[in-house]
Amino acid sequence: MPPEDNAFDGLARYYDTIMEFVNYDRWQGVCEGLETLLPPHPVHVDFACGTGVLVEKMRRRGFRTVGFDLSRGMAALGRNRRNGLPLCCADMRAVPFGPTTDFVTCLFDSLNFLLDEASVRAAVAEMARVLKPGGLLLFDVVTETMILEHFVGPEWEENNGKFRLRWKTEYDRREQVAYTRLRVNTGQAYEFRERVYPNSVIDAAIADAGLHLLGQYDAERWRAVTPKTARIDYLAVKPPADAAAIRYPEVEADIRRRIAALPDAGD
Ligand SMILES: C[S@@+](CC[C@H](N)C(=O)[O-])C[C@H]1O[C@@H](n2cnc3c(N)ncnc32)[C@H](O)[C@@H]1O
């Protein structure tokens, strides 16, 4: 399948600096909270891994984590910068792995970069396919609240001390697509499109993939989703689901405690 957008190839060398404010510790906390439902040293695939920040963190923890990304530039930069981390280039709608995985993640809006429902269904089906029975899937999506309250607005400039960036996002409410233009002061401009999906589309993709939904959460505190929720975390298990479901309430409470204990529980 052709890439929908290669802007990440160009952005790769700036990406880690731009993302320095992002709370990867929260995702790490959720992954570590799920550890008790996984075998020791779980085989973990991070879909759309970007430059491999989460891959590196989870490998340090003892997970057998690999990652892939559609952008060759993002995966290559992650490998070079992060000591040969096992990152490769692949499309999450057609993944070159067999069903050997205990744990799959796909985080930081990566699913929103798929611009049609068929692609979302295909990606979630691939996440399910590569899991072993009893394996866990954790992914997130941003909501229209995120786009309208945190993305859309007049152009604004950010200076991180290394380079300056100008951001501008416009939102097509009918198509539910956000268009973000990012210009680095060196002159390059990159354009990204993200689509917002209603819960019903994601729920159907999970059910059609044969997964059992354990929970969906406002990502900030791992509490119930409300109209103010900007990012939703979904957690699902590939049947048989019984073992995970029985122990899950304790795990959920533990994850909430971990998130509450983080210095900055926001995005
Ligand atoms: C906002 S970044 C998040 C990257 C990473 N998960 C992180 O937390 O830093 C979104 C990523 O999705 C990737 N992506 C978009 N479409 C994809 C696809 N069809 N298959 C795999 N990766 C894709 C992009 O290349 C980009 O690296």
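Reader: Which residue is the bridge partner of Lys 168 in strand 8?
Author: Arg 181 is the partner of Lys 168 there. This is a predicted model, where local features need pLDDT of at least 70, side-chain atom pairs count only at pLDDT 80 or more, and totals for chains, interfaces and linings use all residues. Residues are numbered from 1 along each chain as its sequence is written.

Reader: And how many bridges join strand 7 to strand 8?
Author: Strand 7 (residues 164–172) and strand 8 (residues 177–184) run antiparallel and are joined by 8 bridges. Strands here are DSSP runs of E, at least two residues, and helices are runs of H or I, at least four residues, numbered from the N terminus. Two strands pair if DSSP finds at least two bridges between them.

Reader: What's the strand order in that open sheet of 4 strands?
Author: The order is 6-7-8-9, with antiparallel pairing. Strand 6 (156–159) and strand 9 (189–195) are the edge strands, each pairing on one side only.

Reader: Which helix packs on the sheet?
Author: Helix 1 (residues 7–18), touching strand 7, strand 8 and strand 9. The direction of helix 1 makes about 90° with that of strand 9. Contact means C-beta atoms, placed from the backbone, within 7 Å; axes are lines fitted to C-alpha atoms, for helices over the stretch in contact, with angles from 0 to 180 degrees between N-to-C directions.

Reader: OK, what about the open sheet of 7 strands, what's its order?
Author: That one goes 3-2-1-4-5-11-10, and the pairing is mixed. Strand 3 (87–89) and strand 10 (212–218) are at the edges with a single partner strand each, so one side of each has no neighbour in the sheet.

Reader: How many bridges join strand 10 to strand 11?
Author: 6 bridges, and strand 10 and strand 11 (residues 231–237) run antiparallel. His 212 is opposite Val 237 in strand 11.

Reader: Switching to helices: at what angle do helix 2 and helix 8 cross?
Author: Roughly 155°, with the axes of helix 2 (residues 24–33) and helix 8 (residues 242–261) coming within 9 Å. That makes helix 2 roughly antiparallel to helix 8 (angles under 35 degrees count as roughly parallel, over 145 as roughly antiparallel, 65 to 115 as roughly perpendicular and the rest as oblique).

Reader: Which residues in helix 2 meet helix 8?
Author: Arg 26, Gly 29, Val 30 and Gly 33. Across from them, helix 8 brings Val 251, Asp 254, Ile 255, Arg 258 and Ile 259.

Key: Two residues are in contact if their C-beta atoms, placed from the backbone, lie within 7 Å.
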